[in-house]
Each structure stands twice: as structure tokens, then as C-alpha cells.
Amino acid sequence: MLSRPTRAARAGLGLILCQPTVVAAHGFGRLYNLPVPFWLYAWGATAVLVVSFLIALYFVAVPTVGSMRPARDLTGTVWARGLRRARPLLQGFSVALLLLTIATALVGNRDPYRNFSMTFFWVVIVLGLTYVTALIGNVYAVLNPWRGVAAALGRGWPEFVRGRVTYHERLGDWPALVLLLGFIWFELFGRGVPRQLGGLLLAYTGINVLGVWLVGVRAWFGHCEFFSVYFRHIGRMAPLAFRRGNGGQPSRLLGRMPLSGLVDERPERLSTVVFIMAMLSTTAFDGLRATQFWVRLFWNDPTGWVEQLIGTRPIENILLARQWYIGWETLCLIASPFIYFGVYMLCIAVARALTRSDRGLRDLALDFAYPLLPIALVYHMTHYATLLLTQGLKIVSLLSDPFGWGWNLFGTAMKLRAPFLPDMAWVWHTQVALILIGHVLGVYVSHRVAVRVFRSRRDAAVSQLALLVLMVMLTIAGLWIIAQPLTVERMT
């Protein structure tokens with residue numbers, strides 16, 4: 001028998017080993033007591049969604065066309081023509097930034113906070129570019145550095161960008177989903193150090209070069225390169241839309257009402273629906289695994305199943321238990337989009353049964369997938385946006401000293417180095433508001449789709465009951481996660 005002090009020491013060591021080494025994206029490492037009980041927030045959020053649903057039923061008339069307002073072709077405007085001329089320069093600049101990020105990651109200062117690569121990639125690109133895309137449009141389609149690398153290789157080797165094999169349409173966006181889950185796994189389980197990031201970016205560059213060589217530039221960046229697929233979906237909510245020309249036709253730039261891209265379009269394949277579910281589920285899982293509830297579920301082993309699995313209590317064999325813990329979390333991460341997809345399909349099946357629609361289940365699932373994108377965006381914002389304040393501002397100083405070697409190239413090395421830490425009450429209520437706004441927008445867009453898909457307003461209304469239940473479940477789950485005390489802390 002181990003003595004009580006020994007057990008306590010092992011338990012403490014277990015909690016330490018469970019925590020990565022860099023700062024949290026979800027909070028500031030201290031607990032925040034809610035001003036009112038959580039159940040009041042849950043009931044209030046549910047009431048807001050129900051009222052929004054009723055308002056949508058009353059005000060949204062059956063449209064004569066799918067669009068909320070026809071898109072305007074901006075291709076011929078002066079600034080659009082200027083952007084087209086500047087595109088090679090912008091793409092070259094993005095390639096230069098990619099090379100700088102890799103270089104600083106591999107040979108720069110090992111301190112993540114003094115290395116340009118960590119803040120620029122994880123905060124400015126992965127976080128900041130997501131929000132810029134939602135507000136403006138899919139700028140990544142212009143700035144994609146890996147597409148720039150492919151274009152540079154194609155100028156000297158035209159056969160390179162045409163591919164060697166025909167991309168099978170049945171593959172859809174499954175390759176992008178695999179790469180997305182691999183990226184999220186690295187984000188969650190990596191050591192959070194610059195050199196590891198540099199290795200990831202080098203490997204991903206190699207994957208892109210190989211992918212373009214194999215299936216061609218259009219198929220690779222259309223279905224396989226996950227950043228292209230991800231930002232394309234985020235850009236569907238934006239007022240500007242970039243349309244690549246087919247069959248020798250020129251590309252076009254369209255101006256439209258925000259969110260209209262969610263109403264006018266729909267996915268072509270179920271793989272795209274699962275990718276959208278992954279955008280939802282991986283963010284939720286990232287938040288869940290940082291809570292005390294999740295960590296204690298394994299390490300305290302209240303059910304005894306971990307002890308049965310590894311033959312001992314987790315805190316008595318920490319190294320072995322940690323391997324199982326990582327495996328368990330990896331399995332949950334991979335399963336999460338398919339669990340969300342199953343719940344979504346169940347709601348779609350209920351909606352189809354309630355309306356007695358002759359439209360196929362697959363078609364209905366494709367119809368109502370895009371209205372979930374506002375929810376995915378606000379989930380992203382509630383979990384990560386505070387990093388723009390706590391770490392993103394430091395990019396100003398890091399631009400003058402990207403390698404962390406004591407340079408001051410632009411005279412900004414000492415500016416905005418201290419993080420801005422907002423009050424936790426402000427953070428919590430902002431997160432609550434964002435979650436509610438995202439779900440209300442989801443309810444509105446979903447109803448716009450419903451009145452286009454179903455034959456009568458009654459069927460459109462009835463079809464939304466099951467999806468309303470789904471929205472309520474997602475809202476309460478999102479609020480519950482951000483209300484939990486945090487245990488695990490990391491940068492991303």
C-alpha cells in the first residue's frame with residue numbers, strides 16, 4: 001500500500017504531466033464564478049432561440065428566388081482590376097512570409113513568445129485570417145502560399161500543375177477532412193515549440209507539392225488542401241465572393257448580402273457536410289478537453305474502467321496511463337465529427353418524417369449544412385479570439401525581431417509586448433453573446449433555406465422544429481463548456 005503523502009505526490013505529478021507547456025486559448029488560468037446560475041443562462045439562451053424561430057416564421061416570406069438579394073458583379077471595378085494585377089505580387093509576398101515563418105521556427109529563439117513563427121502562424125493566420133475572411137471574403141484564395149509555390153513550379157514545368165491521375169469525384173472533401181484532423185491533432189498534442197511548427201510547415205509544403213503533382217492544382221486546392229476548403233466555407237458568410245472561371249472563362253468577383261452564400265448554395269457531397277461537422281466538433285472538443293470535468297473523468301477514474309483497462313489506477317502508473325490518455329483523446333477527436341454528423345442526420349430524418357417530404361434524406365442533409373457555418377464561426381471565436389488580445393498584439397514587436405535575436409529592424413521591438421487582459425466577466429458575457437448570435441443567425445438562415453426547399457410555409461416551419469432542437473442542444477453544450485473550470489492550459 002502506498003502512503004497517503006506518496007499518493008498525493010503522484011496525483012500532483014499526474015496533473016502536471018497532463019498539462020502542456022504554453023498558454024491557454026480558453027482563459028487566463030483562473031476561475032470565474034458566474035453572476036447567476038448556469039441553468040438561467042441555458043434557459044435564457046433557449047428562450048432567445050425559440051423567439052428567433054418564431055420571428056423568422058413570421059417575417060420570412062417564401063422567396064421567388066433563392067437569393068436574399070442578387071449578387072453584383074464587381075469584376076470590372078477599378079479596385080477589382082487593381083487587385084487582379086497585384087495578385088502575383090501578393091502571392092509572392094505570402095510565399096516569402098511562409099519561408100520566413102519556417103526559417104524563424106527552425107533557427108530562431110526557442111522561446112515560443114519571442115519567436116515570430118508561433119504568433120504569426122497560430123494567432124495571425126489560423127485565428128485572425130478566419131475572422132477577416134468572415135468579414136470580407138475568402139482572401140486566402142488570393143494569398144494561399146502553397147498555391148503560389150505550385151504556380152512558381154508550374155511556370156518552369158507546365159506539366160506539374162496538370163496532375164498525373166484524375167481525381168475521383170467520389171473522394172470529395174475526404175482528403176481535406178483527414179488533413180484537418182491531423183492538423184488539429186498536432187495543435188492539441190504537439191509540444192508547442194517553434195521547431196516542431198517548422199517541421200510541420202515543411203512537411204505540409206511537401207504534401208502540397210506532391211498532391212499538386214499527383215492530381216493537379218485545381219483538384220488539390222479544391223478538395224484536398226484543408227486550409228483552402230476551410231476558408232472557402234468561412235468565406236461563404238462574407239459580402240465578397242471570388243468565383244474561379246471554368247473552361248477558359250475569367251474569374252469573377254461578386255458583391256452580395258452577408259450570409260447569402262449560405263442560402264444560395266449547398267454542398268455537393270456528404271463529405272463536405274462531415275467537414276463542416278468537423279469545424280464544429282473539433283473546436284468543441286478542444287474546449288471540452290481543457291475542463292476539469294474531462295481531465296478528472298480519466299485521471300480520477302470514477303467508473304473504474306481505466307483501471308480495468310491498464311491494470312492499475314492511472315495515478316499509480318502515470319507514464320502508461322498518459323499513453324492511454326492520449327490514445328483515448330485521439331479516438332474522441334477522430335470520432336467527434338462523425339458523432340455530430342450522426343446527430344445531424346437524425347434531426348434531418350425527423351424533419352423529413354414530420355413534413356412527409358418526398359425529398360431524399362441525403363438531399364435534405366445537403367440543403368441544411370451551410371446554415372451551421374455561423375455556429376462554427378462563433379464557436380471558434382468564443383474559444384480562441386482572446387488570443388488576439390493576449391498574444392496577437394505582440395506581432396508588432398516580433399516583426400522587428402522575428403528570430404528573437406535582439407534586433408529592432410522597424411523600431412517596434414519594444415511596442416505592444418505586454419498582453420491585454422480583459423476582465424473575465426467581459427470575456428464570459430461576450431462569449432455568451434457570440435454563441436447566441438451565431439445560433440440565431442443559424443436559425444434565420446436555416447429557415448430561409450426551408451422556405452425554398454419545402455412546398456409550403458407550414459412544411460418549412462415544421463421541418464425546422466428538429467433543427468431548432470439541435471440548435472438548442474448546441475447552444476447549451478457550448479455555454480456549458482465555456483462555463484467549466486479550466487485545468488489544461490496551452491497556447492492554441
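Mentor: Let's start with R162, which counts as exposed because its relative accessibility is 55%. (Exposed means over 50% relative accessible area, buried under 20%, and partly exposed in between, with a 1.4 Å probe and protein chains only.) Before we go on, some ground rules: this is a predicted model, where local features need pLDDT of at least 70 and side-chain atom pairs count only at pLDDT 80 or more, while totals for chains, interfaces and linings use all residues. Residues are numbered from 1 along each chain as its sequence is written, and side-chain values use heavy atoms, with hydrogens and water left out.

Now the partner. R162 forms a salt bridge with E159, at 2.6 Å from N to O. (The criterion is a side-chain nitrogen of Lys or Arg within 4 Å of a carboxyl oxygen of Asp or Glu.) E159 has 41% relative accessibility, so it falls in the partly exposed class. In all, the structure has eleven salt bridges. As background, side chains of opposite charge can pair when their charged atoms come close.

D363 and R266 meet at 3.6 Å, N to O. (Helices, H or I of at least four residues, and strands, E of at least two, are DSSP runs numbered from the N terminus.) Both ends are partly exposed: D363 because its relative accessible area is 26%, R266 because its own is 30%.

Then there's R359 with D367, a salt bridge at 2.6 Å from N to O. Here the two ends fall in separate classes: R359 is partly exposed at 29%, whereas D367 is buried, with a relative accessible area of 1%. Through shared partners, salt bridges join R266, R359, D363 and D367 into one network.

L259 is buried because its relative accessible area is 12%. L416 also has a positive phi, about 55°, although it is not a glycine. Its place is the loop between α19 and α20, and at 44% relative accessible area L416 counts as partly exposed.

That loop between α19 (395-400) and α20 (424-453) also holds W407, which is partly exposed because its relative accessibility is 34%. W407 belongs to a nonpolar surface patch of about 810 Å², together with L106, V107, L202, L399, W405, L409 and F410. (Such patches take residues with over 30% relative accessible area and no salt bridge, nonpolar side chains being joined within 5 Å and like charges within 9 Å; areas are Shrake-Rupley values with a 1.4 Å probe.)

The largest pocket has a volume of about 1000 Å³. Among its 32 lining residues, G222, R232, R236, F242 and R244 are closest to the centre. Two or more lining residues each come from α5 (140-143), α9 (217-224), α10 and β2 (240-243), with α9 giving the most, at five. (On a 1 Å grid over the protein atoms alone, a pocket is an open set of points with protein on both sides within 12 Å along at least five of seven lines; a cavity is a set where a 1.4 Å probe fits but cannot get out; lining residues have an atom within 4 Å of a point.)

Last, the cysteines: C224 is buried at 2% relative accessibility, as is C347 at 10%. A search of the whole structure turns up zero disulfides, meaning cysteine sulfur pairs within 2.5 Å.

Terms used. Grid points are joined across faces, edges and corners, and a volume is the space filled by probe spheres set on the points.
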